[in-house]
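Hi,

Here is the structure I promised to pass on.

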Amino acid sequence: VGQKVVLAPGVSCGKCAACLAGADNRCREFTNLGYMIDGGCAEYVRCPEVNCMPYPENLSFEEAAAVPLVFQTAWHMLVTRAQLQPGEDVLVLGAGSGVGSAAIQIAKFFGCRVIATAGTDEKLAKAKQLGADDVIQHRIMSIRKEVRRLTHNRGVDVVFEHVGTATWDDSIASLAVGGRLVTCGATTGFDAKVDIRFLFSRQLSVLGSYMGTKEELRIVLKLVAEGRLKPVVDRVLPLASCAEAHAYLELGKQFGKVVLSV
Ligand SMILES: [Zn+2]
């Protein structure tokens, strides 16, 4: 009692074949604290004991709160789904988002070259601070043209998608032969087309990804505790300003996470 913990956001049944295999994010009952279960924007939250993870003592509560969802999701996408290999070229869309800022760091941890996109120069400068090798200002530049230029027309091995309709065509067009597109979201819309001729002739893979497993969160928290991955907090607001925090997120001006404190 009284021990500091980080809560794994994913809640699953704990007894189905997927859960027993450690793939709890494939459980048919899988959901998240604060999504289908009340909690998150609250002073108290009730959750299964198994969701309590070791607390990285080098972090403040606000920093620790910014880790689980985005780092776990980005790790599952890049490492488990896209099978990221050292030295590969990775295009990270939306560098200022929570998952984007996590993905840049994870790809760099694997010794990859990272090309990151964002809509403002300020965000691109922060992406570079996180380790991005090259950046693309997507409001004034064509993502696919810049990727082709930066990779000597080869394209990237992995595209980290979560933006959806607005970037989908550029994402597919940015892939090298044998490239993998991995996605965890559709913020700008879910309608997309794939030219099947390119899909097979260029041997592309399109991979869906949803959250991550508790084991992946354990790995991520260990790397955070060692200072090898760093949570990115844009700002901290009091719980009473929850509505203001959501309005701020909808403006899309943040870089990293917006955290509510109690
Ligand atoms: Zn289950």
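Below is what I found, going from the whole chain down to two residues.

First off, keep in mind that this is a predicted model.

**The chain overall**

The chain has ten helices and twelve strands. Its C-alpha atoms fill a box of roughly 55 × 45 × 35 Å along the principal axes. For 262 residues, a compact globule would come out with a radius of gyration near 18 Å, and the chain has 18 Å, so the two agree. Of those 262 residues, 48% are buried. If you take the contacts with a separation of 6 or more, 64% of them join residues 24 or more positions apart. As for the surface, the chain exposes about 13,600 Å², and 54% of that comes from carbon and sulfur atoms.

**Thr151**

This residue sits in the loop between α6 (143-150) and β8 (156-161). Is Thr151 buried or exposed? Its relative accessible area is 6%, which is under the 20% cut-off, so Thr151 counts as buried. The side chain of Thr151 reaches back to the backbone oxygen of Val147, at 2.7 Å. Setting aside neighbours within four places in sequence, Thr151 is in contact with Asp89, Arg113, Ile115 and Val156. Take Asp89 from that list: Thr151 and Asp89 are 62 residues apart in sequence, yet their C-alpha atoms are 8.3 Å apart in space.

Over to another loop, the one between β10 (205-208) and α9 (214-225), which is where you'll find Tyr210. With a relative accessible area of 43%, Tyr210 falls between the 20% and 50% cut-offs and is therefore partly exposed.

Cheers

Terms used:
Residues numbered from 1 in each chain as written. Predicted model: local features only at pLDDT ≥ 70, side-chain atom pairs only at ≥ 80, totals over all residues. Heavy atoms only, no water. Helix = DSSP H or I, 4+ residues; strand = E, 2+ residues; numbered from the N terminus. Buried < 20%, exposed > 50% of the residue type's maximum accessible area, 1.4 Å probe, protein only. Rg over C-alpha atoms; globule rule 2.2 N^0.38 Å. Contact = heavy atoms within 4.5 Å. Areas by Shrake-Rupley, 256 points an atom, 1.4 Å probe, with all protein chains shown as cover. Polar contact = N/O pair within 3.5 Å; in protein donor to acceptor, adjacent residues only side chain to side chain.
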